[in-house]
Amino acid sequence: MNQENQNPAPEQENTVAAATENPAEGGSQAPAEKSADEQIAELNQKITDLQDNFLRAKAEGENIRRRAVEDVAKAHKFAIESFAEHLVPVTDSLYAALNADAADAKAVKEGLEITLKQLLSAFEKGRMTEINPAVGEKFDPHHHQAIASVPSDQEPNTVVSVLQRGYTVADRVLRPALVTVSAPK
């Protein structure tokens with residue numbers, strides 16, 4: 001309500017007083033007040049409904065945010081799960097090799113080669129690839145780490161030897177390959 005409705009002008013007071021004193025003459029005033037009361041009640045009901053809807057939407061938003069945080073935490077916690085599943089058979093093969101009584105070095109070597117193939121297959125399934133540059137390949141600082149520069153007949157800044165293989169996971173370098181490179185002449 002605004003200020004005018006709360007404090008009617010003096011000429012309005014006379015009309016209101018006359019209508020209340022003589023209901024037969026101003027009988028339309030009572031239904032107008034009832035209509036205003038009904039409107040106020042309807043508006044109060046709408047306000048209550050809107051407040052309720054707002055609180056429900058706010059609670060739903062908080063629940064969605066909380067679930068998203070939990071989902072991210074679970075994703076971080078269990079991200080390695082599928083990769084670990086691929087490594088379990090490799091572990092089984094290594095235990096079997098340790099429990100075998102193989103007197104033949106050739107049989108042990110064959111078992112190790114098979115286990116290595118299993119491991120490389122697990123790496124491939126986990127989107128992990130090996131960085132193993134060939135001798136004479138151009139040095140790439142994004143995938144190789146030069147340990148030493150040695151004199152060589154090869155062109156400068158090419159790989160002379162690989163000391164340790166590197167690895168990438170989904171095109172991201174996990175560990176660069178450790179290499180020696182040929183020195184400039």
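Author: Accessible areas come from the Shrake-Rupley method with a 1.4 Å probe, and for residues only the protein chains shown count as cover. On that basis the protein exposes about 14600 Å², of which carbon and sulfur atoms supply 56%. This is a predicted model, in which local features need pLDDT of at least 70 and side-chain atom pairs count only at pLDDT 80 or more, while totals for chains, interfaces and linings use all residues. Residues are numbered from 1 along each chain as its sequence is written, and side-chain values use heavy atoms, with hydrogens and water left out.

Reader: What makes Leu-94 partly exposed?

Author: Buried means under 20% relative accessible area and exposed means over 50%, with partly exposed in between (1.4 Å probe, protein chains only). Leu-94 has 41% relative accessibility and therefore counts as partly exposed. Leu-94 is found in helix α4, residues 81-99; helices here are DSSP runs of H or I with at least four residues, strands are runs of E with at least two, and both are numbered from the N terminus.

Reader: Why is β6 called largely enclosed by the rest of the structure?

Author: Of the 6 residues of β6, 6 are buried, so the strand is largely enclosed by the rest of the structure. Over the 185 residues of the protein, 12% count as buried.

Reader: What makes Ile-131, Val-159, Ala-177, Val-179 and Val-181 a nonpolar core?

Author: A nonpolar core is a set of buried Ala, Val, Leu, Ile, Met, Phe, Trp, Tyr and Cys residues joined through side-chain atoms within 4.5 Å. Those 5 residues form the largest such core, and strand β6, residues 177-182, gives the most to this core, with 3 residues. Leaving aside neighbours within four places in sequence, Ile-131 is in contact (heavy atoms within 4.5 Å) with residues including His-143, Tyr-167 and Ala-177.
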